Amino acid sequence: MRQPMPVLSRARLLLLLLAGALARATPRTPVLPTIGSASRPPVPGLGGGGGWRVPVSASTLSVVYAPTARRPCVGAPRWRGGGASMSAAAPLFAKVASIYKIASIQKVLELGTIAAFGTLTRNRLDSGALTALLLKAVVPAVILTSLAGLSLSRELSGFLGAGALLVLCQIAVGQLVARVILGGSARRAVTRRTVAVQLATMAPVLSSFAFISEFAPARLGLAAIVDLPSKAFTLLFLPLFLGLLGQRPKICDQAGSLNDQKFESPPPGTGARLRAQLGALCTELSDPFNAAIVAGLLMAATGTKVADLGFVGGAMRTLASAQTPILFLLIGTKFSLSGARPTLVLSLLFARHGLIALATAAFLRFAGVTDAGARLAAVLSSQAASSIVGFGQLDRMAARRSDLGYDPALAFEIVGLSFPLTIVLNTVTCIAGAAYVDHLPLVGAGLLAISAAIYAAKRAQIDAAV
């Protein structure tokens with residue numbers, strides 16, 4: 001006959017069962033062994049992964065239950081093959097995702113979408129009307145708001161000098177590229193003259209400032225100061241430059257020439273001359289370009305800001321903000337890589353950027369520019385696209401003086417391909433960072449090699465079309 005369990009043994013059994021229940025309810029955290037202690041593996045059936053830790057010391061001996069981290073089951077499925085590659089590719093995916101979220105990259109994709117929409121709807125959109133809207137309404141608003149915000153001081157003279165040097169470099173590069181690639185034949189005089197003028201213009205605000213504000217924000221104000229000489233050249237001196245480079249009409253030596261006819265008619269009186277000059281002045285001021293330049297200079301001289309004009313200033317800012325979408329929509333309607341002209345334009349642009357890269361590298365070296373942000377901002381500004389305002393000046397001059405010999409269609413093709421190329425170069429510059437800026441001479445040589453390769457591959461087609 002079985003003897004009943006003693007009361008003390010029953011109590012011990014109940015305590016052990018209670019300890020096991022508490023162990024299952026206790027959060028399982030790993031126990032780090034301490035110095036002077038020994039541990040045993042978990043006891044199966046108690047605690048489901050807990051373990052008995054037996055601290056050993058010279059004077060005491062105690063047994064304490066402590067839960068440990070749960071181990072995976074022996075029969076649990078494990079991924080084989082691809083785990084290591086996925087973990088290695090995770091940093092690359094994270095970097096690509098971080099680059100994708102950058103504001104300037106998002107802006108590039110936004111402008112590309114607008115251009116793509118223009119390409120898809122080119123048969124339904126009137127590119128001539130878009131051009132007139134851009135040059136007659138939007139660009140004058142941009143001129144007014146740009147000039148009205150000018151403010152100069154003596155401390156900025158060094159940056160203004162750097163901007164003037166960049167303008168002179170752009171002019172020299174335009175002349176050199178046009179002469180080397182197009183030669184000196186009289187048949188290509190109009191093409192050569194148009195290329196030299198359009199390549200001499202630049203638009204950092206529209207094509208580079210978005211990148212500078214994202215990757216070198218502390219240098220954005222100085223970049224705007226450096227851009228002032230470029231604005232002055234495009235708005236004030238480019239018409240004179242167009243007149244100086246324009247072809248001269250041949251002087252007729254026969255009887256009845258223009259010079260002879262001047263002396264046949266009596267000279268007009270003083271009142272008639274004044275009325276003629278006043279009428280010519282009113283005609284000039286009625287042009288949106290000239291009116292915007294005069295109004296902007298007056299506002300800058302008097303310290304009047306665009307915000308001071310109230311709703312008129314708001315209207316000017318709204319029109320100016322429409323420049324970018326309308327421009328890229330127009331680029332989309334006219335964008336085409338078929339034929340010889342786009343190939344020629346790409347060769348010209350790669351040569352321009354290559355020479356400018358070499359000149360910028362030399363400037364950074366001899367000027368002793370060591371600040372990383374300033375170097376990056378200088379390179380981004382130097383890679384600016386050709387100016388739409390410069391194209392407007394050339395188009396207006398060609399309409400008024402057809403005898404000067406300019407090709408507005410070619411000038412716009414340069415603008416249209418210049419913006420995508422600048423966006424690509426600036427994107428690569430910002431991603432590569434110091435590696436791009438420090439190796440700028442190699443970048444310039446590479447761009448010149450690309451230009452030469454494009455022209456060599458399509459030389460016969462270009463010679464036949466130009």
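# Close-up views of a predicted model

**View 1. Helices H10 and H18 cross in a right-handed manner.** In this predicted model, helix H10 covers residues 228-245 and helix H18 covers residues 388-400, and the two pack at an angle of about 40 degrees with their axes 10 Å apart. That angle makes H10 oblique to H18. From H10, the residues Thr234, Leu235, Leu238, Pro239 and Leu242 take part, and they meet Val389, Gly390, Gln393, Leu394, Arg396 and Met397 of H18. Sorted by class, the residues of this contact comprise seven nonpolar, three polar and one charged.

**View 2. Helix H6 packs against helix H19 at an angle of about 40 degrees.** Here the helix of residues 189-199, H6, has its axis 9 Å from that of H19, the helix of residues 408-432. The two helices are therefore oblique to each other, and H6 passes H19 in a right-handed crossing. On the H6 side the contact is formed by Thr191, Thr194, Val195, Gln198 and Leu199, while H19 brings in Leu410, Ala411, Ile414 and Val415. The contact of H6 with H19 holds six nonpolar and three polar residues, and no charged ones.

**View 3. Helix H17 and helix H19 cross at roughly 165 degrees.** Helix H17 is made up of residues 372-382, and its axis comes within 10 Å of the axis of H19. Because angles over 145 degrees count as roughly antiparallel, H17 and H19 are described as roughly antiparallel to each other. The crossing in which H17 passes H19 is right-handed. Leu376, Val379 and Leu380 of H17 make the contact together with Asn426, Thr429 and Cys430 of H19. Four nonpolar and two polar residues make up the contact of H17 with H19, with no charged residue among them.

**View 4. Serine 451 is a buried residue of the model.** This serine is found in helix H21, which runs over residues 440-457. Serine 451 has a relative accessible area of 5%, and it counts as buried because the cut-off for that word is under 20%. When residues up to four places away in sequence are not counted, serine 451 touches Ile181, Ser347, Phe350 and Ala351.

**View 5. Valine 205 is partly exposed.** Valine 205 lies in helix H7, a helix of residues 204-207, and has a relative accessible area of 46%. Once the neighbours within four places in sequence are left aside, valine 205 is in contact with Asp227 and Lys231. The view also takes in serine 381, which is 176 residues from valine 205 along the chain, although the C-alpha atoms of the two residues are separated by 8.6 Å.

View 6. The chain has 466 residues, of which 38% count as buried.

Key:
Residues are numbered from 1 along each chain as its sequence is written. This is a predicted model: local features need pLDDT of at least 70, side-chain atom pairs count only at pLDDT 80 or more; totals for chains, interfaces and linings use all residues. Side-chain values use heavy atoms; hydrogens and water are left out. Axes are lines fitted to C-alpha atoms, for helices over the stretch in contact, and angles run from 0 to 180 degrees between N-to-C directions. Helices (H or I, at least four residues) and strands (E, at least two) are DSSP runs, numbered from the N terminus. Angles under 35 degrees count as roughly parallel, over 145 as roughly antiparallel, 65 to 115 as roughly perpendicular and the rest as oblique. A crossing is left-handed if the near helix is turned anticlockwise from the far one by less than a right angle, and right-handed if clockwise. Contact means heavy atoms within 4.5 Å. Ala, Val, Leu, Ile, Met, Phe, Trp, Tyr, Cys and Pro count as nonpolar, Asp, Glu, Lys and Arg as charged, and the others, Gly among them, as polar. Buried means under 20% relative accessible area, exposed over 50%, partly exposed in between (1.4 Å probe, protein chains only).
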